[in-house]
Every structure is written in structure tokens, then in C-alpha cells.
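Have the sequence and model open as you read.

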Amino acid sequence: MSRVPGWLGRLGAGLSEMSERLDERRAAVERESDELQPVRRSTATVPDAAAEASPPPADHVPRPPDYAPTAPPPRPDPAQVVPWGVRVAAEAGWRLLVLAGTVWVLMRVISAVQLVVFAFVIALLLTALMQPSVAWLTRRGVPHGFATALTAILGFVVIGLMGWFVTWQVMENIDNLSDQVQDGIDELRNWLLNSPFHVTDKQINDIAENLREAIGANTDAITSAGLEGVTVIVEALTGILLAAFSTLFLLYDGKRIWQWTLKLVPAAARPGVAGAGPRAWATLTAYVRGTVMVALIDAVFIGIGIYFLDVPMAVPLAVFIFLFSFIPLVGAVASGVLAVVVALVTQGVFTAVMTLAVVLAVQQIEGHILQPFILGRAVRVHPLAVVLSVAAGGMVAGIGGAVVAVPLVAVTNTIVGYLRAYSQEAALRYAPEPRGATAVGVAAVDPPPAKDKSAPEQ
């Protein structure tokens, strides 16, 4: 019993000594591992050649790669992705759509009050024709109201006499003209029978019969057209009265009407519009006066030519030529064709050819000499623009639209040209001056002294 505690004591001492040695060994290993850790980190990226050379075992499962969490790339602005040309086309496209919609609404409004619009436009044309006479009388000391009334009365009397003269001449010569037309048709029939075209009498009778059947089949349409003609006459009389009253007021109080119109324009655009208005009016006045002079020369010379060719109703035809000349290009062709047809059915082929030669000669002189000399450069419009404007005006508003199309284009051209020049001048006027302009030799110029408005002009 006494040996057991000693034995246990020696065993416990040995175990304690062994535990201390193990602790020391563990501490030494930990110190060595701490010293070798930076070297292992630096050599961890260098692949082992032996490891690469040796193939992996069959049951080896590769470790999945480590994915670093990265943020998704930012999405670009959609407006920056669209090409620049497409963006410009889209911007221009929707503005054109807005402009087209505005024009369409405006045209709908104008078509609803077409009679009033045409009456006012005709009044503007008549005012442009008569206003120089009012100004001339006013400068001679005639009171403005009396000068306006005198000019308007004389103008309306001349227009009324012209219409009465044409109607009287047509009514006086209608019977003679119908007989001559019948004789001309008989001569044309005989010429076709004896012509090298081998036209037979049966074919001519068939054509005449087809014409009679067409007229008989359209009797209802002709009757309805005649009934509608009464409405047209009433509307025409209403338009004439509106045009007469509008002309009278424009002649008497046109300046105040223009000043009131300027008040409707925004203040920022008012100076430009105020400068464009007188220039547009000068263009319209020059166009109307020049067109009247050219139409009068055409009517006189063509009328004299067809009078000496013994064409019936030479004077009414000359008046028709004068009126049709207000429709550029188309009116001259229509009036010339009318004169040639009347000469053909009344006097024969030779007289018709001579009439055509007279019409073409006068129109060529008018187009190449008279119009450039009388109208001048301010109201000259390109022939293509004339044709397109007349066609568009005729399609939109008939004969009235064809009459007002060209002066509208001429006035628009003047307004656009002036506003473009005005905007460029304003941009240069309000542009910032470069720094040091005076130092490099650009001297500041003092503005001229203000003129005393109370002093009379010299």
C-alpha cells in the first residue's frame, strides 16, 4: 500500500513533463509557421511544375473558381443611343406635323367662310389699284374723305360699265354668232367629208346623234345646275357688296386698320412685322398695277388684230382677254383659245391660224419684254412657282384661288425675305462685342444726334 502513491506520483510527474515538452514543441511549430506565412503567400500564385505535369486523379473534383462580386455596368441614356440624324429627323418631323395640322385647320376655317375671305381679298386687290389715286388727290389738296369717295365711285363705275358692255355686246351678236357658228360647222363637215381622213357622212351623223343623246341624258343635271346658278348669282352679289364696302373702308381708314392689326402681334415680333407690312403692300400695289397695264396692252393689241381679221365680237373678246389676263399663264392660254375657236367656227381655218399667230406674238412680247419692264424685280416670280401656285389655287378655290395665288406668293416672298434680313441684322446688332476691340483698332463710333421731329424735312 505504501508503494502505490509513490508510483502514481512518478507517473504523474512524467506525464506533466511530457505535456510541457509537447507545449514547447507546439509553440515552436507555430512560430515557424508564422515566419513562413509571407513566403507561402508570395509563392502561392506560382504553379508547381510537377503538379501541372502530373495528371489529376480520376476521382478529383476541381474547385469552382472564386467570383468577385461586381456591380452591373450602368445603362446609357436612351436619347444618346439614338443616332443624331434620326433625332434631327424626328424633331423636324413632329414640328412639320404640327405645322401641317395648323394649316389644315386654317384651311377648314377659310373654306367655311370662303365668300367673306374672297370678298376681302378682292377688296385688297382693288384697294391696291385705287390707293395711289387717293394719295395723288390728297397731295393735291383734296380732302381725304372726298378723294376716297371719288376714287371708289369712279372705280366701281368703270368696272360696272365694263361688265355691262360685255353683256350688251354678247346679247347683240348672239344671233349673228349662232348663224356663223352653224355655217362654220357645215363648212367643217364638208371639209371632213373631202379630207384625206376618209370620214363618212354616217360617222358624222353618229357623232351628232351621240351628242344629242348625251345632252338629253344629262337634262336633269343641266336643270339642277341652272337652279344652282341662282344660288351662285345670289352669292356673287353678296360678295360684290362685301368687296365694295371693304374697299371703301380700306381706302379711307387703311392706316388705322393696319395699326390695330399690329396690336394683335406679340411685342417681340412687332418691329419685324411693322417693317414687313409696308414692303408687302408696296409689292402688292406694284403687282396689281403692273398686271392691269399688261392685261390692258394684251387686250388692246389682240383686239385690234382680230378686228382687222374680221372676227366677230372682237371688242367683247378683247374684254375677255383683259379679264382672263389676271390669271397668270392659264388665263392667257384660255383667252387665246377662245379667240381662235371663234375665228375657226366663223371665218375658217386661215383666219384661225392668223388669230393664233397674233395671240402668240402679243403674248411673247408681253412675257419677255412688258412684264420684266413693268413689274420689275420686286414682284417677279419664277415660272415654276407661278404654275404650281395657280394649279394649287385652282384646286383649292377654283378661279378665285387661281387669281389670288400669284400675288399671294409674291407678297409672301417679300415678307420672308425682309424678315430674314431683319433677323440677321438684329443678330449682328445685339451680338456681344469682342474683348479689346478698341485696343486693336476698332474705334467706338458715337451714334448720330437724334433728329428733331418738330423741324420740317428739307
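Predicted model: local features only at pLDDT ≥ 70, side-chain atom pairs only at ≥ 80, totals over all residues.

Residues are numbered from 1 along each chain as its sequence is written, and side-chain values use heavy atoms, with hydrogens and water left out.

Here's the geometry of both pairs, with helices taken as DSSP runs of H or I, at least four residues, numbered from the N terminus. Axes are lines fitted to C-alpha atoms over the stretch in contact, and angles run from 0 to 180 degrees between N-to-C directions.

| Pair | Angle | Axis distance |
|---|---|---|
| α10 (residues 314-324) and α11 (residues 330-347) | roughly 165° | within 8 Å |
| α5 (residues 114-139) and α13 (residues 383-429) | about 30° | 11 Å |

So α10 is roughly antiparallel to α11 (over 145 degrees). On the α10 side, L317, F320, I321 and F324 make contact with α11 residues including G331, L338 and V342 (heavy atoms within 4.5 Å). That contact has nine nonpolar, two polar and no charged residues; Gly counts as polar here, and Ala as nonpolar.

Now the other pair. α5 and α13 are therefore roughly parallel (under 35 degrees), and their crossing is left-handed. Q114, F118, V121 and L125 of α5 meet A397, G400, G401 and V404 of α13. By class, that's five nonpolar, three polar and no charged residues.

Terms used. Helix = DSSP H or I, 4+ residues; strand = E, 2+ residues; numbered from the N terminus. Parallel < 35°, antiparallel > 145°, perpendicular 65-115°, else oblique. Left-handed = near helix turned anticlockwise from the far one by under 90°.
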